Amino acid sequence: MSYARIRGTGSYLPERVVTNSELESRIDTSDEWIVSRTGIEARHVAADDELTSDLALAAARNALDAAGLVPGDVDLIIVATTTPDMIFPSTACILQDKLGVGAAAAFDVQAVCTGFIYALTIAERMVATGSHRCALVVGAEVFSRLLDWNDRRTCVLFGDGAGAVVVTPDAEHGVLGTHLGADGSLGHILRVTGGISEGQVRGNPFLEMDGQAVFRLAVRALGESAQKLLAESGVGAEDLDWFIPHQANMRIINALADKVGIARERVVTTVARHGNTSAASVPLALDTAVRDARVSAGQTLLLQGVGGGMTWGSVLLRY
Ligand code: ACO
C-alpha cells in the first residue's frame, strides 16, 4: 500500500464582499464587537445565480491546474457540503458533469464544518488502497443561504466559499494518520432543523446556535483529537510545521493552539478575510498557505475541523 498525497490545492471566493461596516449599517452590531469576539473582518457572499457546484467547480479547476492534471485524470469526486445545490443528484455528481469527467465515482459527504476532514479521510483510504488513482476532494458552501440576516448572533459569523485538493498515490509523502469523532447527542447546539416534506419546508430553515456550548465543545474535542492523533503517530506538537484548523473564530483557534502546544506563528489563519465557510474553511486556508509559500513539500501539517452533528476530526500529513 502506498501513501495518498495532496498533489495540488485550489480555492474560490465569490466576488461580493460584505464587510463588518456594511453589517453595522443593516443590524445592531459593530466592527469592534465582531472583531474582538471572532477576528472576522469580512465575508464573501455568492451571487443569486451562483450555486455550491459553481464554487466547487472554480476551486476544483484551480486544484487540478496546481497538480498539473486535467479533469479526465480524475476517477473519484467527493464533495463535502451542507448546502447542496438540490436534494439530489448530489453536488458531486453535478460537479462531475460540469467538469466533464464522465466515469469518475462521485458522492457527497455531510459532516457540516468537519465535512472536508471526513471527505479527505475517505479519499485517502480509497487512493492508498489502490481502488482509485486520482481523487478530487472539495469543500464548498453557500452558508449565507442558511442565515437569518437579521439575527446578529449568527449572521456575522459565516460566509461562502470553496476549497479543493487533488489526492494521488505517492511512495513517500502523504497522510500519516487520521482521527474522526462525533456526538449526536449534541446536535441541538448547532443546527438547521428545517427539512422538505410534502412540498414544503417544515421546521426552521435558518441556523440556530448555542455559541458558548459550541465554543467549549470545539476546544475540548479538537484538543483531544489532536493529542490522540499526534501520540498515535509518534509526532510531537513541536514537530508540526503548520497547524491548519477550522476557520470559525480566532478565539477558538488561539485556545486550541495553546491547548495542543502549538506556537501561534505556526498556525494558518484566514478567518478574518472570509469568516466561517464551513466545509470550505480548511481547504481554503491550506490553499492560501500553499500559494503564499508558507507550506512546502516535505512539511508536517495538522488539519482539523469541527462542526454540526457535533462532528470533529484531524488529519496529520506530510505535504
Ligand atoms: N453584535 C453585537 N452584539 C452581539 C452580537 C453581535 N453580532 N451577537 C451577540 N451579541 C450580544 C448578545 O446579544 C449579548 O447581549 P446581551 O448580554 O445584552 O444579551 C452579548 O452580545 C453577549 O452574547 P454572548 O452570546 O454571550 O457572546 P459571546 O461572548 O459568547 O460571543 C460568540 C458569541 C462569538 C458566538 C461566541 O460564543 C463564540 O465564538 N462561539 C463559537 C461559535 C462559533 O464559532 N460558531 C461557528 C459555527 S460552529 C463551528 O464552526 C465550530
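Let me start with the contacts of aspartate 31, which touches Asn20 and Glu24 once residues up to four places away in sequence are set aside, a contact being heavy atoms within 4.5 Å. Please keep in mind that this is a predicted model, in which local features need pLDDT of at least 70 and side-chain atom pairs count only at pLDDT 80 or more, while totals for chains, interfaces and linings use all residues. Residues are numbered from 1 along each chain as its sequence is written, and side-chain values use heavy atoms, with hydrogens and water left out.

Aspartate 31 belongs to helix 2, residues 31–38; helices here are DSSP runs of H or I with at least four residues, strands are runs of E with at least two, and both are numbered from the N terminus. With a relative accessible area of 33%, aspartate 31 is partly exposed, because that term covers everything between buried, under 20%, and exposed, over 50%, using a 1.4 Å probe and protein chains only. Its C-alpha atom is separated by 8.7 Å from that of threonine 19, twelve residues apart along the chain.

In the loop between helix 1 (20–26) and helix 2 we find threonine 29. Is threonine 29 buried or exposed? At 17% relative accessibility it counts as buried, and beyond residues up to four places away in sequence it touches Leu23, Glu24, Ile34 and Val156.

Threonine 29 also brings us to the ligand, since it is listed with Gln212, His246, Asn249 and Asn276 as the nearest of the 22 residues around the ligand, where near means that a heavy atom of the residue lies within 4 Å. As for polar contacts, which are pairs of N or O atoms within 3.5 Å and, within protein, need one atom able to donate a hydrogen and the other able to accept it, with residues adjacent in sequence counting only if both atoms are side-chain atoms, a polar side-chain atom of tryptophan 33 lies 3.4 Å from an oxygen atom of the ligand. For arginine 37, the distance from a polar side-chain atom to a ligand oxygen is 3.1 Å, and for histidine 246 an N or O atom in the side chain is 2.8 Å from an oxygen atom of the ligand. Taken alone, the ligand exposes 1,000 Å², and the protein buries 74% of that, with areas taken from the Shrake-Rupley method with a 1.4 Å probe, where for residues only the protein chains shown count as cover. Which elements give two or more residues to the shell around the ligand? They are helix 2, helix 6 (152–155) and helix 7 (211–233), and helix 7 gives the most, with four residues.

Turning to glutamine 96, this residue is found in helix 4, residues 91–99, and counts as buried at 16% relative accessibility. A polar atom of its side chain lies 3.1 Å from the backbone oxygen of glycine 102, and, leaving aside neighbours within four places in sequence, glutamine 96 is in contact with residues including Ile77, Val101 and Gly102.

Finally, helix 10, residues 281–291, has nine of its eleven residues buried, so it is largely enclosed by the rest of the structure. Among the buried residues are Ser281, Pro283 and Asp287, and just after helix 10, alanine 293 takes a positive phi of about 70°.
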